[in-house]
Amino acid sequence: MKRKQVLFEMPYFFWLAFFVIAPILLIAYQSFFNIRGQFTLGNYATYFTSATYLRMTLNSVWYAFLITLFTLLISYPTAYFLHYTKHKQLWLLLIILPTWINLLLKAYAFIGIFSQDGSVNQFLTFIGIGPQQILFTDASFLFVATYIQIPFMILPIFNAIEDLQPSYINASRDLGANNWQTFTRIIFPMTMSGVKAGVQAVFIPSLSLFMLTRLIGGNRVITLGTAIEEHFLVTMNWGMGSTIGVVLIIAMFIIMSLTGEHKKKGRKHND
Amino acid sequence: MKKLVAAITTILVFCGLLAFTSDRLAKSQVKSQSNTLTLYNWGDYIDPALLKKFQKETGYHVSVETFDSNEAMYTKIKQGGTSYDLAVPSDYMIQKMKAAHLLVPLDKSKLHGMNNISPQFRNLEFDRHNQYSVPYFWGTLGIIYNDKTVKASQVQHWKQLWNPRFKDSIMLVDSARDVMGFALIRDGDSVNTKNIKQLNAAKKRLDSLTPNVKAIVADEIKMYMIENEAPIAVDWSGEASEMLSQNSHLHYVVPSEGSNLWFDNLVIPKTAKHYKAIYAFLNFMLKPENAAQNAEYVGYATPNEQAKALLPASVRNDKQFYPDAETMKHLQIYNNLSPELIGTYNELYLEFKMYRN
Amino acid sequence: MSKPIITLKHVYKNYGDTNVLHDINMTLEAGKFYTLLGPSGSGKTTILRTIGGFVTPSSGDVLFDGQRINDLPANKRQVNTIFQDYALFPHMDVYDNVAFGLTIRKTPKEVIEKKVLRALKLVQLSGYEDRSISELSGGQQQRVAIARALVNEPQVLLLDEALSALDMKLRKEMQVELRDLQQRLGITFLFVTHDQEEALAMSDEIFVMDDGKILQSGTPVDIYDEPVNHFVANFIGESNIVPGKMLSDYRVEFVNKVFECADAGMKPDENVEVVLRPEDLDIVAPDAGKLVVTIDTQLFRGDYYEVIAYDDDHNEWLIHSTNPTKDDQRVGLFFEPEDIHVMRYGESEQAFDARLETYED
């Protein structure tokens, strides 16, 4: 019986070992070597003393924060109203559909839409505003990044809302709460797990977006992903690239622990 | 559950069919392994008709694999496990591969037609006496402009890019060496400078160019320029020739004060196996008629003088892609820099990209 | 008779073509314990939700204290509900759950604290303020739900299958406690259950429902003793129901014998159903019985023996006997004329009550 269980666990163990732990260890290991292959802590020293990298980190966090915020602001109401629509599975499918399309294709589609001769500018010209520079702006970058991330936020939130027993909402109404109070005090806190999962699914990848920063942001938006790409593909300084990778992995763990489940602290009543 | 099984079965059958067909196709093309030459090349960088012709003439089949950056190619060859017979690195990369002992010297006795190559493209610093490389194509870095909004006289020199009237108008190719390079040339410095002061000055220069920079992009530059997204771009001549062929309002300028001159040369990596085929191919490509056909297909400038003579006059006299001798004198070739110096170039370039005023 | 607090007048509820509630009329007086009893799907929860404000009737009126409240949203009604799954908010501790209604009403903090602690004391959960909901047992969760509702001082408390999630022993305890609580607080309870024992034990008045209709209402004793029809008789307690014929007033024939009974007001020779409760049947010597049966099986139920016997016409008889019997023994069954309850086919509660008026007293 015991041996059988071990046998069943083996594939998962190997999977974890080879595809999760080993790559992380390799990245960590690589980060301790300089460009000449000598062991060094210099990469970390460089990272934490370089205004460029720190500012880039700040940039990354800031843009990832904005993307996550906008994604959440759009996704939560969408998921909420989706829950009450008639053909919600169909609508959900339509929302998920864009994720089936390659990211690069979507980016090029947006280039077509946002370019000087694109449909948006044609519309602006039509209504008399005249063509505007849309591509290569922060706004367009945030717009496209948000668009791409939305399904990953909607899905967990939608599932959390679906899982919410209607009796909680009834109970809240029954106890005197109006719709808004019910939402803020019951529905939102109780679907927090979905929000957290969504934030994790969006924030962490957003930290290291690099294709969009170039295609839509025209490299006017620089994130850590840009630096990693450069170190691996241009300067061939894998050590430095790995160092940034390690920083991102640590950032990921921080986000996970911040958004993870906490044991609720006891509260004191003066009784 | 039934549906799932059906879906999985469909996918598996589909994959099986594809694998079978591709296997059959591959077999029908390749008679035997020893008859095959593997060329590791940039994407769409050789006329496929030439490969057919080569096979007809010599019986060797050419299988082409592609890369999209010198560094990616370098890593792959260095890591081993490949069996490329020929590769097409750029100048500084040839130097680097040489230093890393990744290249096999050419056996000149087996090579015919090197004299077809223009003397000015032979015996260059990155490969003295062409010990390792046969010139394939060459080109420059320059300015592409759209004559609808920009006059030719406004973009003859690098420093004109800093003109305030070009606010938010310029697209730069996303390459540290090239962008740092034109900033260095603007100040009269070498594109290979090791002087950190000059580099810092160049970076400062670039910072002040920021208001004029619309975007820093890669291959997409072509598409953007063709679609009039920006009036000015800094890009390589090969890319420029493609843009020009699709938008008659575009023109290409190599500033006379200097620019980068680059080469893509054929080399034999140490992974090579089929030497007979390799020399047959090198000699085949050195033949003027073949080099000319390839140049017409690819659109880049050929270093083969005899081949150039075979090209239409409109092409070979085009100052945009075959600059005059005076300009050629001022062009600079990238040297392979130390990894630290490359790091510095890239660091400064990254800082420039992050610079916001 | 105290004044009615909740009145339902001709309430109907349809979902598309399905009739969930059919002409519901009921009056709840202040300070009484009412039970809606019926099988699942009979509409009892729908009535509760109509009063709670979660279901709007298709037609008819819901009155609270004489005011029509059909369109008043749930959060504005002075009734509170205990949900079947309690619906305690898992992200709040016990204190916050109980305080929820008061916080919504912006009650001062000190008042909230005083009321919450009092409510918790009332349900014997003092000291559990900081517990999280998941740490509580089912019975404790039930009490928190009650405290959470009571703290708002509702005039009517609606309980939706409130005890069904508890085990038997706890359920019995909570029945006593709920009844006790209701009597101490003096507010109206409307309790929904499908468990007839629970209904009989706790209620001042029971509404028996089936298929969206109220079949009969009355005190537990009335309903038990005088079920209006086959369904009620079967649903409330155990019964022997046999077809019969009303020969004339106070004379009924069943199993081919004529018996004296206490019912009247029917047509001569009308076909009827006769109910005999198993505990009303006494086992006597064969010659002393009004019927002679053969014992088939018996089960010991603790406080009585459940005996199944057959008469010579193969009618089955269920008997609750205090003394054991022997299998295959022939015994007599004795019962008084008052133990026979005669039901007319298709008689409504109103008609039943009216008929009773004609010959009682």
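Predicted model: local features only at pLDDT ≥ 70, side-chain atom pairs only at ≥ 80, totals over all residues.
Two domains are assigned in chain C, domain 1 covering residues 4-226 and domain 2 covering residues 237-357. The C-alpha centres of these two domains of chain C are 37 Å apart. Of the 361 residues in chain C, 39% count as buried. An unreviewed UniProt entry places "domain: ABC transporter" at residues 6-236 of chain C. Over that stretch of chain C, 36% is helix and 27% is strand, with 25 Å between the end C-alpha atoms.

Chain A also carries an annotation. According to an unreviewed UniProt entry, "domain: ABC transmembrane type-1" covers residues 57-259 of chain A.

We can turn next to the contacts that chain A makes with its partners. Where chain A meets chain C, 20 residues of chain A are in contact with 24 residues of chain C. On the chain A side, helix H8 (166-174) and helix H9 (179-190) are the elements that give two or more residues. H8(A) gives the most to this side, with six residues. Sorted by class, the side of chain A that touches chain C comprises seven nonpolar, eight polar and five charged residues.

The contact between chain A and chain B takes 23 residues from chain A and 25 from chain B. Here helix H3 (51-84), helix H11 (211-215) and helix H12 (224-233) of chain A each supply at least two residues to the side of chain A that touches chain B. That side of chain A divides into nine nonpolar, eight polar and six charged residues.

H12(A) deserves a look of its own. The helix is mostly covered, with seven of its 10 residues buried. The buried positions in H12(A) are A:Leu224, A:Gly225, A:Thr226, A:Ala227, A:Ile228, A:Glu230 and A:His231. The cover over them includes H3, helix H10 (192-207), H11 and helix H13 (238-259) of chain A, along with helix H14 (339-354) of chain B.

The nonpolar cores complete the picture. The largest has 148 residues, and B:Ile144, B:Ile170, B:Ile232 and B:Phe281 have the most contacts inside it. Helix H7 (residues 138-163) of chain A gives the most to this core, supplying 13 residues. The core lies between domain 1 (32-137 + 263-321) and domain 2 (139-260 + 331-356) of chain B, because both domains give residues to it. Around B:Ile144, once neighbours within four places in sequence are set aside, the contacts are B:Met225, B:Ile232, B:Ala233, B:Asp235, B:Ala240, B:Met243, B:Leu250 and B:Tyr252. Apart from this core lies another, of 100 residues, which includes C:Ala99, C:Ile187, C:Leu190 and C:Leu333.

How values were computed: Residues numbered from 1 in each chain as written. Chains lettered and ligands numbered in written order. Domains from an automatic or database assignment. Contact = placed C-beta atoms within 7 Å. Helix = DSSP H or I, 4+ residues; strand = E, 2+ residues; numbered from the N terminus. Nonpolar A, V, L, I, M, F, W, Y, C, P; charged D, E, K, R; others polar. UniProt positions renumbered as here; feature names shortened; annotations may be inferred. Buried ≥ 20, exposed ≤ 12 C-beta atoms within 10 Å, placed from the backbone. Core = buried A, V, L, I, M, F, W, Y, C linked by C-beta atoms within 7 Å.
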